[in-house]
Amino acid sequence: MNRTAPTAAQAALTTTFVSVDDMVQIVQRKGLTACLVGVADRIEQEFLRWEAFDKSARLAFHSTDGVVELMPIADDRQFSFKYVNGHPKNTRFGLPTVMAFGLIADVDTGAPRFLSELTLTTAIRTAAMSALAAKKLARSNSRTMALIGNGAQSEFQALAFRDIVGIDTLHLFDVDPTATAKLVSNLQGQGLTLKVFASTAEAVKGVDIITTVTADKTNATIITPEMIEPGMHVNGVGGDCPGKTELHRGVLELGAVFCEFEPQSRIEGDMQQMPADFPVTEFWRVLAGQAAGRVSAEQVTVFDSVGFALEDFAALAFMQDAARDLGIGQPIELVPVQDDPKNLFGLLRTQPTAKVLPLAATQGAKHAA
């Protein structure tokens, strides 16, 4: 079909698409450290604009083996959403536990401007969020961390805590020894001291920070109160949907508990075990100076992380800027571009059509053959 040069309005309908290969190029060219730090900075920047966003808990569809979710959010200029799943049994079928993509659209027109893979990006933003919270809530001299759960998210957590918090020693445990072996192999030469343990209880002894990133969709109690020492910071990442926890409720009762978006976290986080009046603090208030974070070196702090749409908004915005700056991504027509936008039916009349023989003629040709 021949078209005239697009008008400014039509050009505004062009969507930049960033594929998995494109995202790998972005991360490789910028460097993973720059992406982790950059996304953490962008999350902090957007959290400080908390009141500017129209927020809601994510829309989730649960099944026996997993969950499929949509995570929308918007300010007065941009709307974004993430599609994401969580299916712990997927690895048995050669599929990732988590798969995701996301979109940014203009609020004024609804035009989709940026469509991107978010599986790799979600791993980066989750780790960046964890490390940002620990930077504000853990003791400032924290250097050791127990990493419980050594699956797909673990390397990103390890490197984010190295680059943003200053962690230099990791205590590792997973019920699957091959997962730990994979993690150790991937972290060789990354400037981290790695120590492998035979149990969670052994791995958490004496550390400054505990991070849990397990995948099973079950009400687990991976961390129990007797494992917690004064001054520890607990970063619970894996408990992120109803019926899925990692922390014994007694852990939450030991210190101050922080979350992302309280209406969502009370349903999905480890705090789903607690009564409705259990005190929690939304993390943005710490960043904004409206609430205290850690108040003493001996205090136990808990970040009950479930993942919130504003973090994905920040990560998408960071990657959109990076794609533009690096010249990566392809323009696609995700919605129709027309000379007359009121004549949608006319679009069907301008497309080239294949010559179709009547059914009887087709059957006759078959018999003749």
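Helices (H or I, at least four residues) and strands (E, at least two) are DSSP runs, numbered from the N terminus.

This is a predicted model, so local features need pLDDT of at least 70 and side-chain atom pairs count only at pLDDT 80 or more, while totals for chains, interfaces and linings use all residues. Residues are numbered from 1 along each chain as its sequence is written, and side-chain values use heavy atoms, leaving out hydrogens and water.

## Strand 8 and its partners

Strand 8 pairs with strand 9 in the parallel sense over four bridges (two strands pair if DSSP finds at least two bridges between them). Within that pairing, Thr169 has Thr193 of strand 9 as its bridge partner.

How many of the five residues of strand 8 are buried? Five of five are, where buried means under 20% relative accessible area with a 1.4 Å probe, protein chains only. Thr169, His171 and Phe173 point one way, while Leu170 and Leu172 point the other way. In a regular strand, side chains alternate between the two faces of the sheet.

Zooming out, eight strands form an open, parallel sheet in the order 9-8-7-10-12-16-14-15. Strand 9 (193–196) and strand 15 (281–282) stand at the edges with a single partner strand each, so one side of each has no neighbour in the sheet. Elsewhere in the sheet, strand 10 (residues 209–212) and strand 12 (residues 233–236) run parallel and share four bridges, with Ile209 partnered by His233.

## Helices across the strands

Helix 5 (residues 154–165) lies across strands 7, 8, 10 and 12, at about 165 degrees to strand 7. Helix 4 (residues 119–137) lies across strands 10, 12, 14 and 16, at about 155 degrees to strand 16. These angles run from 0 to 180 degrees between N-to-C directions, with axes fitted to C-alpha atoms, for helices over the stretch in contact (heavy atoms within 4.5 Å).

## Cysteines

The whole structure holds zero disulfides, a disulfide being a pair of cysteine sulfur atoms within 2.5 Å. For Cys241, the nearest cysteine sulfur, that of Cys259, is 17 Å away. Cys241 is buried at 3% relative accessible area, and Cys35 is buried at 0%.

How values were computed:
Buried < 20%, exposed > 50% of the residue type's maximum accessible area, 1.4 Å probe, protein only.
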